[in-house]
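Student: I would like to go through this model feature by feature. Please give the general idea each time, then the case at hand.

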Amino acid sequence: MARKLLLEHAQLEGISTYEVYRKNGGYRAVEKALKTMSPDAVVEEVKKSGLRGRGGAGFPTGMKWSFLAKPEGVPRYLVCNADESEPGTFKDRYLMEKIPHLLIEGMITASYALGANTSYIYIRGEYSWILFILEKAISEAYAAGWLGKNILGSGYDLDLYVNIGAGAYICGEETALLESLEGKRGNPRIKPPFPAIKGLWQSPTVVNNVETIAAVVPIINEGGDEYAKIGTGKSTGTKLISASGNINKPGVYEIEMSISVEEFLYSDEWCGGIKNGKKLKACVPGGSSVPILPHFLVCKTANGENRMMTYESLSDGGFATGSMLGSGGFIVYDEDQCIVRNTWNFSRFYAHESCGQCSPCREGTSWMEKVLHRMENGQGKMSDIDLLTDVAKNMEGNTICPLGDAAAWPVNAAIRHFREEFEWHVKEPKLCLERNYGLVHEPVANTIAV
Amino acid sequence: MHAAPTQNGTPFQYSEAARAEVLGLMKNYPEGRGKSAILRALHIAQEENHGWLSVAAMDEVAATLGITPIEVYEVASFYSMFNLQPVGKYVLEFCHTGPCAIEGAERIIEYTKLKLGIGKNQITPDGMFTIKQVECLGACGYAPMMQVGEFYHEHLTENKIDQFIEDCRAGKIDKGTWKMH
């Protein structure tokens, strides 16, 4: 069995309650940090661990923490990004639902390290039942003396609150999240200044993903060096992967970042292979924003090496032949799936979720959606394929936040790897239409042989 | 039974409990930053106003938070969970994004629309149901799915939809509320 640092007790009866969590070693990290370590020493452990942000960007957490400005007399904030809404990702939901105290313990430890006396968890609006799970756990933590004034007699004070969103993918972008937390529309801010200098209410702020903050607990318990021994290269520790699509065993898995994609996809311990005995057609390994990989680049890199479930290996070959680990939203497509339809679907998502602030993204996402929609419905032209590439090129890097890039990448990658399938849609308009009109009764037919 | 939705001009006031809750939430933020409670305040107002936000409801939120109405309108119109038009008693919010779509979400949505005889964002004549199509709700591994009130209904099939609609009509479905916690 693989080693689990976060989800070890996830299936334990009653683990969402304080008593059971505490009995199973809970809050040891807070005890250790507050009683035996200075805040800087906690930051050092996190640096040593090599932990990288689990929300998608993979930026080293310890380094992000060390950027936090510490001017005298100005409050600092830790904000947990629980606005999980990248299509294909549902790991944070699982973690918060099953073991809410793990996140709270991580929040206390990280807040202590950063010198924050007030911290917030920003959770997406649709997870409203988890809001109440977290609030119950927080009140238990207050009652047991882990939150509030003078925690464990250390002189350190911390108040922790949960703030709920209301349905906006963009609020997963950290500055949009801060705007939303301030009670405004979720429009991302121009950077610099970065949140570490001017964040929540213009105060220095660190925003970290749920899984990142939870990972601080085992790092403090076992030490950063021990944590760094798990995994490969610069991909240390364990990672939660949300597996979905045409596989036998969809769900949330904690993996050590040293297993291969092939093992993850086909072993019964994880995804259990492709459903219904079908063949693999493609895979999006890190949430909808990352480039799609055709079947022959999923388990092997372009050089013929085994592709591993790590930040480096998944991005091996750049965007030409690689992808990204992203948020760990692992979506698998079997031979019956239509890449054009899927690309259109994702484009519609980004068109819906663009905040509308920057013209390239506001206009570009809906152009791409419209062009892909007409291709998928048999009304496309050959020149549409290059038009899509052109629109994508004009969005990439030309927007305030990465949503423009996130919308452009999947379209670029789909055309790069499945161009003939796009051409098929133009050449066979009647078949496209028949297939779509038959949608209610019949499965989508295969278009290009795997 | 479901009461008729209030119209735009119908006065709206928070219940005493809801007002106290919103005023309490404002204390979660530093002095003068109570506006941060706006999203939750809107969720609560929406629930007390039959599932949607009328202008009167948004004005009540503004008055309670001590901010101008426009600050509330601009926020309410940004977030997709806020309904600015009346909705049925049960709002069936189907995810139709990638991972749900490849597991048959489109077929389930089509089936439900035909069964209820309504398109998206419409209300059945008896005021019971509205269908919304929403983007990824974080249930990709348990697709297809819909959210109704507080609860997720996952691994949907046509039979499950039939049963669910029957149960709603029989008054057996609890949507969950902000007040039950």
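Student: What radius of gyration does chain A have, and what would a compact globule with 450 residues have?

Tutor: The radius of gyration is taken over C-alpha atoms, and the globule rule is 2.2 Å times the number of residues to the power 0.38. With 450 residues the rule puts a compact globule near 22 Å, and chain A agrees because its value is 22 Å. Along the principal axes, the C-alpha atoms of chain A fill a box of roughly 75 × 45 × 40 Å. This is a predicted model, in which local features need pLDDT of at least 70 and side-chain atom pairs count only at pLDDT 80 or more, while totals for chains, interfaces and linings use all residues. Residues are numbered from 1 along each chain as its sequence is written, and chains are lettered from A and ligands numbered from 1 in the order in which they are written.

Student: How is burial read, and what percentage of chain A is buried?

Tutor: Burial is a count of other C-beta atoms, placed from the backbone, within 10 Å of a residue's own: 20 or more is buried, 12 or fewer exposed, and in between partly exposed. Buried residues are 55% of the 450 in chain A.

Student: Is Phe67(A) buried or exposed, and why?

Tutor: Phe67(A) counts as exposed because it has 12 C-beta neighbours inside 10 Å. Phe67(A) sits in the loop between helix 4 (61-66) and strand 1 (77-82) of chain A. Helices (H or I, at least four residues) and strands (E, at least two) are DSSP runs, numbered from the N terminus. Chain A has 18 helices and 11 strands.

Student: Which domains does chain A have?

Tutor: Domain bounds come from an automatic or database domain assignment. Here they give domain 1 (18-229), domain 2 (251-332) and domain 3 (339-440). The C-alpha centres of domains 1 and 2 of chain A are 28 Å apart. A contact means that two C-beta atoms, placed from the backbone, lie within 7 Å. In those terms, 11 residues of domain 1 of chain A touch 13 residues of domain 2 of chain A.

Student: How many residues of chain A are in contact with chain B, and which element gives the most?

Tutor: The size of an interface is often given as the accessible area lost when the parts come together. Counted by contacts instead, 47 residues of chain A meet 37 residues of chain B. Helix 14 of chain A gives the most to chain A's side, with six residues. Strand 7 (238-245) is among the elements of chain A that give two or more.
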